[in-house]
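Please have a look at the model first.

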Amino acid sequence: MPRSRINGNFIDKTSSIVANILLRIIPTTSGEKKAFTYYRDGMSAQSEGNYAEALQNYYEATRPEIDPYDRSYILYNIGLIHTSNGEHTKALEYYFRALERNPFLPQAFNNMAVICHYRGEQAIIQGDSEIAEAWFDQAAEYWKQAIALTPGNYIEAHNWLKITRRFE
């Protein structure tokens, strides 16, 4: 049974009913409907911390989804789960794939910057300041892109860029 039919709380049930009505009213292909259903079920599982189930639904959603914009959000959410699981290389791959389809995802640039910054900090702990600086420089580039897309957001990143003299 699809997750959208077993959600227990009132808000989930209400949003599932509204989504099902919209799927019937709005002219969409069966593939788009299928992709949306998997995506919605993935989001529900992800919000409950069921990452394996969420990933399974997101992977299924990518099969019928052909719209690059919609696909970018599926790929972004896959990246989020890999980030949460500490699988940073996989996460970066999915953020890149999302940005290939939708270059206006500041949250993907931010998450990539956070991963690069983390790797820079790890390099410092390991005593490799040259590698650390390379990771920090890459983080700065991603944060600049996120800030350019959404000025006023990512204030901590903006301050870090100023303090480290990486802001132009």
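Let us begin with helix H4, whose buried residues pack against helix H2 (30-47), helix H3 (51-62), helix H5 (88-101) and helix H6 (106-125). Buried stands for under 20% relative accessible area, exposed for over 50% and partly exposed for what lies in between, with a 1.4 Å probe and protein chains only. Contact here means heavy atoms within 4.5 Å, and helices (H or I, at least four residues) and strands (E, at least two) are DSSP runs numbered from the N terminus.

A word on the model: it is predicted, with local features needing pLDDT of at least 70 and side-chain atom pairs pLDDT 80 or more, while totals for chains, interfaces and linings use all residues. Residues are numbered from 1 along each chain as its sequence is written, and side-chain values use heavy atoms, without hydrogens or water.

**Helix H4**

The 17 residues of H4 reach 24 Å from first to last C-alpha, close to the 24 Å expected at 1.5 Å a residue; that expectation is 1.5 Å times one less than the number of residues. Among the buried residues of H4 are Arg71, Ile74, Leu75, Tyr76 and His82. At the start of the helix, a side-chain oxygen of aspartate 67 comes to within 3.2 Å of the backbone nitrogen of tyrosine 69. Just after H4, glycine 86 has a positive phi of about 75 degrees.

Which residues does threonine 83 touch, leaving aside its neighbours within four places in sequence? Its contacts are His88, Ala91, Tyr95 and Ile115. Threonine 83 belongs to H4 (residues 68-84) and counts as partly exposed because its relative accessibility is 24%. Its C-alpha atom is separated by 10.0 Å from that of tyrosine 94, 11 residues apart along the chain.

**The whole chain**

The protein chain holds eight helices and zero strands. Of its 168 residues, 39% are buried. Among contacts between residues at least 6 apart in sequence, 46% join residues at least 24 apart.

| Span | Helix | Strand | Distance between end C-alpha atoms |
|---|---|---|---|
| Residues 35-68 | 76% helix | 0% strand | 13 Å |
| Residues 120-153 | 79% helix | 0% strand | 22 Å |

Technical notes:
Polar contact = N/O pair within 3.5 Å; in protein donor to acceptor, adjacent residues only side chain to side chain.
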